[in-house]
Amino acid sequence: SSSPTKPVRRGWRTVHVLLAGLLGFLLVLAAPGAVRSLDLAQLLRSEIAASSARGYPWKSELVAVAKVRAQPGVLGRLLANLVDNAEQHGTADFVVRLDVPSDAQCCLRISNGLASPQAEREAQHRGFGLALCRHIAQAHGGHLQPGTNGVYWVELRLPMDRSAREA
């Protein structure tokens, strides 16, 4: 039989993880850093490699290069949060796609199976992390849309770096 304190411990762990994530975001956002041209594909490969090293199998379809203008720490934290959400709420297959449907924007989509109906409800009601990711995307002229329909998915659209295209 389970102890009545187990749900409380699990609840505190969740609060701790959320607060640690929020603090990490705030520290990154408060840090001075110049906005510059970054390769979203390269940053994403790094996050997926780290997740794979933690034992999560990913299938990836990434364009070779996707240049966007962003602050490196902020964009890196956004990607880390999206990958972390997939790990927390899902099961294999973990799929990431990054393409450039037009020369004006790039589109990142992460999806995976949901661990349970409870995981689907939790994924729909993610707190600080996705809300902060949405604000970061908007601050960079982009859009973030999460959802579930039997799978957890999130789509991030960011404008391409015009100066990188002209160079």
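**A chat about strand E5 and two residues**

Modeller: Let's start with the strands of this predicted model: E4 (residues 90-102) and E5 run antiparallel and are joined by eight bridges.

Biologist: Which strand does E5 join with nine bridges?

Modeller: That's E7 (residues 151-159), and E5 and E7 run antiparallel. Look for Asn112 there, standing opposite Tyr152 in E7.

Biologist: Is E5 enclosed or open, then?

Modeller: Largely enclosed by the rest of the structure, because eight of its ten residues (the strand covers 105-114) are buried.

Biologist: Switching topic: where's Glu47?

Modeller: Glu47 sits in helix H2, residues 40-53. Glu47 is buried but has no salt bridge.

Biologist: Which side chain of opposite charge is nearest to Glu47?

Modeller: Arg54, at 5.2 Å.

Biologist: What does Glu47 touch, skipping residues up to four places away in sequence?

Modeller: Gly76, Leu79, Ala80 and Val83.

Biologist: Last one, Val35. Where is that?

Modeller: In the loop between helix H1 (5-30) and strand E1 (36-39). Val35 counts as partly exposed because its relative accessibility is 46%.

Biologist: And what is Val35 in contact with, beyond neighbours within four places in sequence?

Modeller: Arg69, Ala70 and Gln71. Also, Val35 and His140 are 105 residues apart in sequence, with their C-alphas 9.7 Å apart in space.

How values were computed:
Residues are numbered from 1 along each chain as its sequence is written. This is a predicted model: local features need pLDDT of at least 70, side-chain atom pairs count only at pLDDT 80 or more; totals for chains, interfaces and linings use all residues. Side-chain values use heavy atoms; hydrogens and water are left out. Helices (H or I, at least four residues) and strands (E, at least two) are DSSP runs, numbered from the N terminus. Buried means under 20% relative accessible area, exposed over 50%, partly exposed in between (1.4 Å probe, protein chains only). Contact means heavy atoms within 4.5 Å. Lys and Arg count as positive and Asp and Glu as negative; His and the chain ends are not counted. A salt bridge is a side-chain nitrogen of Lys or Arg within 4 Å of a carboxyl oxygen of Asp or Glu. Two strands pair if DSSP finds at least two bridges between them.
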